[in-house]
Amino acid sequence: MRTKSVGKKKINIVTLGCSKNVYDSEVLMSQLKANGKEVVHEDRGDIVVINTCGFIDNAKEESINTILDYVEAKNRGEVEKVFVTGCLSERYKPDLIKEIPDVDQYFGTRDLPILLKHLGADYKHELVGERLTTTPKHYAYLKISEGCDRPCSFCAIPLMRGGHVSTPIEKLVKEAQKLAKVGVKELILIAQDLTYYGLDIYKKRALGELLKELVKVEGIEWIRLHYAFPSGFPEDVLDIIREEPKVCNYIDIPLQHINSDLLKSMKRGTTHEKTNALLDKFREKVPDMAIRTTLIVGYPGETEERFQELKEWVREQKFDRLGCFTYSHEENTGAYVLEDDIPQEVKEARVEEIMELQSQISWDKNQARIGEVYKCVFDRKEGNYFVGRTEYDSPDVDNTVLVSAENTYISIGDFANVKITSAEEFDLYGELV
């Protein structure tokens, strides 16, 4: 067993789940550093803080396995303390204490000051907006609100994150300015629901006003919108996307399904017809927009006929980017009272059908890009290629642009114009021009 050091303890932050958790980990790291603590992200440390996800079964399983791994490391004497925070412990704290008692302390999503106390640090209010970013230095997530007021029947996020709370525009502008000063060029706006932004503090939807202020920040070249809700979408945002070069022609809008009966059961506040009308409006106002969506298959009551309606709709809409997930039957959600009547193997087969269809759509769209020139930002070098993205692609989830590194050098984080020479389903190949 390792002898415990008497010197400075290194704190290792481990992040699981979505970009909102990445943001929260960055805030925690900034607070710790300001308190004189040595802090690392997903590296070796004496003390481990695991920021968990509790959204669906797969995410919960990953979080629990990670906790168990670090508890075993603690029992072997490789780490001294294990703390758990985030969505899983917000939602299941009593169960976790009972099942995994060797964790030193569990914290919820709103327990940052208490967590800091246990780490020998004080919460510093003057650091609001300060973060130690864990993403590549040229892009960063900007969380514009916390929580969600939507009643979606399949979703446990309000249980873990609470109600919607918008961050004031002036605070977000200051945060963006600080990020720009350290080299960030792309802001990825995130929230549980971008569409709702401002209703609580300004009594109106204010995403458009926020964008108008953020584009003024010197050094920021791209602003990207993630997680917009379809019901009540503020149409002035479409005009800003079209007219403002800094705002990417891109939107991530999880639509979940298209059958009106299922949308009603999901409490999405929309219908097949309204959804199509919104997508038509997007394409009318911003013809060059890339639309990313996510779908759920296997929701209670999704008959074969309703699934075929979804498939046909995906075929018709030809989304630029699409992700698909199996329905997860989550306790304490509205849909939990329904029978989880679709077998898991059927759910998984339906995901495969949707993604196979999307793969062909993506192939066709990418073939049409051959010969075109696009402004790209380069995120990393991988093997013999520099890996970049167009404004139509978000990091980690969308297409990439690959430029050979054999006779070319590109600095990571730089923008460059690339002519597309060939394409596959999810990768474009090109050369600098």
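1. Let's start with the annotation. UniProt, in an unreviewed entry, puts the feature "domain: TRAM" at residues 367–433. Bear in mind that what you're looking at is a predicted model.

2. Now have a look at helix α3, which covers residues 87–99, 13 residues in total. From first C-alpha to last it reaches 17 Å, close to the 18 Å expected at 1.5 Å a residue.

3. Where does α3 kink? The spot is Lys93, shortly before the proline Pro94, and the kink is about 90°. Worth checking by eye when you have the helix on screen.

4. Several α3 residues are buried: Cys87, Leu88, Ser89, Arg91, Tyr92 and Leu96. Among the elements that cover these buried residues are the helices α1 (19–34), α2 (57–75) and α5 (157–161), along with the strands β3 (47–52), β4 (81–86) and β5 (105–106).

5. On to the second largest pocket, which holds about 960 Å³ of space. It is lined by 37 residues, and the closest to its centre are Tyr23, Asp24, Val27, Lys143 and Glu146.

6. Which elements give two or more residues to that lining? They are α1, β4, α4 (112–118), β7 (145–146), β8 (165–166) and α6 (169–181). The largest share, six residues, comes from α1. Note that α1 and β4 turn up here as well as in the cover over the buried residues of α3.

Key:
Residues numbered from 1 in each chain as written. Predicted model: local features only at pLDDT ≥ 70, side-chain atom pairs only at ≥ 80, totals over all residues. Heavy atoms only, no water. Helix = DSSP H or I, 4+ residues; strand = E, 2+ residues; numbered from the N terminus. Expected span 1.5 Å × (residues − 1). Bend = angle between axes of the 7 residues up to and from the residue. Buried < 20%, exposed > 50% of the residue type's maximum accessible area, 1.4 Å probe, protein only. Contact = heavy atoms within 4.5 Å. UniProt positions renumbered as here; feature names shortened; annotations may be inferred. 1 Å grid on protein atoms, 1.4 Å probe; cavity = no way out; pocket = protein on both sides within 12 Å on 5 of 7 lines; lining within 4 Å. Points joined across faces, edges and corners; volume = space filled by probe spheres on them.
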